[in-house]
Amino acid sequence: FASPDSSTYMERFDAAPGSQLKPAKVRYHQVDGNSLTIGHVVSKTPPPPGSTSFHSVEVVHAGGPVAERLRRAPRIDATYPVRFHELPETGCSPAREFAAIFEVLEGMMLAKANRQSLVLWVGRPDKPELDGFAGFLGMLPFRGISVALVSADAVRYPDPFSYRTPSGVLEHDANDPARMGKCCVSAMFGPLPARSFTARLREWAPIDVQPPAGCAELLRLPFKIAGLPLPMITYAGEYEKGVAALAERISAAYPAGSLCPIVSCGEVVDRLGYGLDVLAALRERGHAGHYFTHKSGETSKRWAEYGKPELLGWVAQAKAAGQTPLFIAVGGGCNGNATGVVAAMTGAAFVEVPTTPLHYNDATTSAKKAFSLVLDGKIRAKNLLGTFYLPRLVWCINETFLTSSTASVHSTVGECTKTMNMLADPSSAAGRADYANILGAKEFASDTTRILSCIDGFEALVHFIEDAPTREAKAAVLRLGEAIAEARAAAQCGTETARAAYASLCEGRRQLLQRFRARFYELPTAARVAIDAFLTVSNKEIVGAKAMFLAYEDPFEKYRALLFEYAHTLGHAVEAWLAGAIDTARASGVAADIVEAAVRNHGQCVGMAVVWAGAIAAELGALEGDGYVCHQGMVYLFNSFGGFSFGPVRALCDALGVSKPDFLREVLAGVRLDNKRGYCECGDDASVDQLVTHRPGRMLGSEDPNAEVRYMVVVSEELQRRALERAFELEFDLVAHLDGGEIAFKPLASHPRPLGVGAPIAAQVRKLIRASCDADAAAAAAEGIVCGPASDEAAGDEAAGEAAPAPRRSASETMSLEGTPPSWSEDDESASLSPFSRAATFEAELCETSEARPGHAPPPPAAALKPASPASKPAAAAKRDHDLANGGAAPSGEEAAKQLAVPGDGSFEIRHSGRSMRAARPRVGSAVASGEASAHPPAA
């Protein structure tokens with residue numbers, strides 16, 4: 001690691017940079033098509049950052065003499081495989097062009113092409129218009145892939161920045177700032193004289209919304225990508241007024257008659273009527289458009305579901321009429337991601353209207369839009385093919401969140417636990433040092449663990465959604481929505497009577513939804529305040545955390561922002577497998593209650609995988625004691641409803657006859673297609689991942705020179721297999737309790753936790769994290785390094801008389817699967833509180849910003865902080881503590897030695913496939929005997 005003692009790190013963290021868009025440059029090399037070789041192209045095309053060579057060469061062509069000669073030419077350099085792919089005939093049909101691009105790319109991905117591969121497009125002299133396909137081939141593997149365009153056009157240079165397919169419907173313009181300067185072609189070759197090309201970026205023009213002063217209904221969350229401000233708007237007023245306000249903003253941005261809106265939503269949102277409401281509001285303002293619905297769910301997040309002739313035909317009609325096609329994605333993350341890909345591929349404008357919390361604070365805060373690789377109804381790999389494209393506006397109407405499912409709410413929390421574990425409090429002195437290498441991070445850094453204090457609001461929201469009258473009211477809306485969907489076609493093409501009947505049904509749904517929302521406002525004030533606090537704080541903290549990395553440092557999420565993929569390797573694989581299992585169960589008649597109980601949305605799978613990642617880190621000796629308790633406790637705190645338990649999934653497996661070996665085989669097959677492969681050198685028996693070490697907020701480092709970011713590490717498949725085996729045996733189906741003031745993890749089935757008692761557990765987790773950060777600062781001070789003060793929130797706790805707890809002895813001494821039930825009695829104050837009685841106090845505590853309070857100076861730039869020294873413990877002892885704490889037995893010494901080695905120089909080593917990677921030796925206060933791994937700011 002580069003020395004973090006340099007003030008350069010803190011200068012980087014505190015910087016206030018502007019736009020990070022840089023005009024792309026592409027070199028055209030003159031070559032003779034009769035003598036061109038693949039080796040020459042490889043030598044002249046820049047490899048991806050961090051690599052010195054290409055993993056493979058994927059030659060794509062549509063026939064022609066140059067491609068045929070290359071196919072027959074003998075290979076001189078056999079250091080990389082060369083595969084040939086022929087583009088299917090498209091006949092100027094936009095739907096066939098769309099399909100051809102994805103068919104070729106799917107073939108590449110299944111052949112194990114990755115971000116270190118080179119795509120070589122070979123053009124034809126008689127069809128230069130086909131050269132535009134080269135850019136789309138480089139646009140869609142969203143982890144990145146290099147493209148070399150070999151053009152046979154002897155008359156005109158190909159434009160490396162602006163290109164289209166022969167139909168003119170699919171187009172890409174790298175000069176559009178919505179693409180953040182991304183150029184999909186790395187190098188060009190052809191018969192014309194050599195020259196260079198430089199892009200000319202246009203000015204970013206979002207649909208800018210500035211809430212008026214004193215307007216309580218509109219809230220704009222601070223957010224940027226690549227230095228570009230992205231309007232993230234929350235409408236806190238009535239739903240119907242929020243829809244009208246959105247339509248007004250869009251109408252004001254486009255002259256009358258110049259816009260062709262295309263509203264896209266899935267089946268569930270269609271039945272709720274949210275998409276039709278948006279389209280109707282735009283039509284009232286003179287913008288006639290189209291309405292596109294598709295199947296819901298992860299298995300439908302595939303290109304074939306969206307590349308429909310009618311959808312692409314609407315785009316073609318709009319362009320022919322001189323209109324701007326505007327895709328408006330109304331719904332959840334699958335719809336937003338997939339619709340965004342279509343908008344990007346057609347060069348259309350894009351607006352997102354999220355109706356779930358996770359779509360708002362997670363999916364819309366990323367420029368990446370992607371399809372999954374779905375074959376024969378099964379997800380082979382999540383988010384493998386996509387691109388980067390900014391929406392002009394994100395508009396969220398809070399009341400739509402009330403129709404979320406409990407799975408959706410848990411999904412939001414699962415992503416929150418990932419973020420809290422990877423960042424903790426980057427605004428504290430210790431946190432600033434942890435992430436001092438993130439450019440401009442200070443603008444958005446905040447204490448993400450404030451989300452833990454919203455546990456009562458989370459429970460209140462889930463309780464409201466699961467309440468029987470709420471469920472029935474929503475079911476009535478959905479039933480009527482299904483009838484409306486069936487009547488829509490007849491109303492569009494039928495008689496006046498049919499249209500009147502359709503309008504009557506729509507009015508009936510509107511009234512049902514009004515009554516549904518009224519139920520929420522009938523809740524006790526404390527419950528509504530707690531729910532509002534949960535949604536407000538989780539949105540603010542997660543949006544800010546994403547902006548901390550994407551605003552200036554890594555807008556394309558290829559380097560340091562890959563941290564947001566923490567727990568996604570196993571999480572994505574299980575999610576993909578489970579989506580297929582759910583479809584199979586429904587089709588084969590498995591009992592509906594078993595199927596619905598097993599549903600686990602994206603964030604839920606991530607939350608479960610956070611626990612599994614913690615178990616892997618503990619097995620390696622990288623996470624123990626309080627750090628381990630805090631890491632796992634974030635998920636177990638929110639598991640009072642079992643949303644992160646594997647038990648219902650196991651019940652589904654039993655109903656389908658899926659054995660543990662079956663489950664492991666299929667999930668690990670998905671892991672092997674994970675989209676992070678290529679960031680580190682690893683064999684087929686390992687994958688690229690991230691792990692937390694020491695405490696939340698610190699990531700395990702790697703010295704693999706190809707890792708590009710130092711916290712991308714290689715994890716053996718055997719470690720992943722063991723974690724999945726333990727999940728299958730329900731070892732992680734736990735919930736957090738307080739026993740004698742200490743956190744204990746107990747089986748949810750035998751030790752359920754009542755609602756409304758989670759706040760003290762949350763406070764304890766936050767105090768333990770703060771104590772660890774303070775210890776890091778103290779260790780740095782002991783070495784003579786000047787550090788910033790404790791975070792403002794910690795100072796506030798001390799002023800209130802809350803002393804930071806002393807570090808505890810070990811995880812095994814405080815956690816037990818067989819522990820006694822909570823010791824609260826009827827006389828305990830906490831037992832007498834209603835589930836939501838503390839919620840009213842959240843408003844003042846949780847609406848604080850990360851800025852300094854009156855009387856407290858902001859923390860000065862911190863110098864290097866290192867992990868404080870925990871009680872020195874051999875790695876084997878840490879492993880034993882971990883296993884005993886989770887009801888298992890430690891492996892044999894020989895088995896443990898295969899996974900963990902502590903070399904004599906005190907570095908930490910993880911062995912895989914006969915190779916090893918070593919983290920830098922800890923410099924301050926860390927006990928090398930415990931196998932503690934370095935987690936200092938990664939070098940560039």
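**Figure 1. Lys 746 counts as buried, at 1% relative accessibility, and forms a salt bridge with Asp 739.** The model is predicted: local features need pLDDT of at least 70, side-chain atom pairs count only at pLDDT 80 or more, and totals for chains, interfaces and linings use all residues. Residues are numbered from 1 along each chain as its sequence is written, and side-chain values use heavy atoms, with hydrogens and water left out. Buried means under 20% relative accessible area, exposed means over 50%, and partly exposed lies in between (1.4 Å probe, protein chains only). Asp 739 is partly exposed, at 23%. The N to O distance between the side chains of Asp 739 and Lys 746 is 2.6 Å; a salt bridge is a side-chain nitrogen of Lys or Arg within 4 Å of a carboxyl oxygen of Asp or Glu.

**Figure 2. Glu 619, Arg 672, Glu 717, Glu 718, Arg 721 and Arg 722 belong to one network of salt bridges that share partners.** By the same rule, the count is 50 salt bridges.

**Figure 3. A salt bridge joins the side chains of Glu 415 and Lys 418, at 2.7 Å from N to O.** Both Glu 415 and Lys 418 are buried. The two residues lie three apart in helix 13 (residues 406-423), about one turn of the helix. Helices (H or I, at least four residues) and strands (E, at least two) are DSSP runs numbered from the N terminus. An α-helix has 3.6 residues a turn, so residues three or four places apart point the same way. In another salt bridge, the side chain of Glu 171 meets that of Arg 164 at 3.7 Å, N to O. Arg 164 is partly exposed, with a relative accessible area of 42%.

**Figure 4. Seven strands in the order 3-2-4-5-8-1-9 make an open sheet with mixed pairing.** Strands pair if DSSP finds at least two bridges between them. Strand 3 (82-86) and strand 9 (195-198) are at the edges, each with a single partner strand, so one side of each has no neighbour in the sheet. Neighbouring strands here are turned by 20 degrees against each other on average, direction ignored. Axes are lines fitted to C-alpha atoms, for helices over the stretch in contact, and angles run from 0 to 180 degrees between N-to-C directions. Strand 5 (residues 146-150) and strand 8 (residues 187-190) run parallel and are joined by three bridges. Ala 148 has Ala 187 in strand 8 as its bridge partner. Helix 4 (residues 94-110) lies across strand 2 (57-61), strand 3 and strand 4 (118-122), and runs at about 160 degrees to strand 3. Contact means heavy atoms within 4.5 Å.

**Figure 5. Another open sheet of seven strands, with mixed pairing, has the order 10-13-20-17-16-14-15.** Its edge strands, strand 10 (218-221) and strand 15 (290-294), each pair on one side only. On average, neighbouring strands of this sheet are turned by 20 degrees against each other, direction ignored. Strand 17 (residues 349-354) runs parallel to strand 20 (residues 393-397), and two bridges join them. Val 394 in strand 20 stands opposite Glu 352. Helix 11 (residues 333-346) lies across strand 14 (259-266), strand 15, strand 16 (324-331) and strand 17; its direction is at about 170 degrees to strand 16.

**Figure 6. The largest nonpolar core has 203 residues, of which Trp 121, Met 345, Phe 549, Trp 612 and Phe 663 touch the most other members.** Helix 21 (residues 602-619) gives the most to this core, with twelve residues. A separate second core of 39 residues includes Leu 246, Leu 282, Trp 395 and Ile 397. A nonpolar core is a set of buried Ala, Val, Leu, Ile, Met, Phe, Trp, Tyr and Cys residues joined through side-chain atoms within 4.5 Å. Neighbours within four places in sequence aside, the contacts of Trp 121 include Val 60, His 61, Leu 87, Phe 133, Ala 148 and Val 150.

**Figure 7. Helix 8 (residues 274-284) has Tyr 274, Gly 275, Leu 276, Val 278, Leu 279, Ala 281 and Leu 282 as its buried residues.** Gly 286, which follows helix 8, has a positive phi near 90 degrees. In the protein, buried residues make up 61% of the 940 residues.
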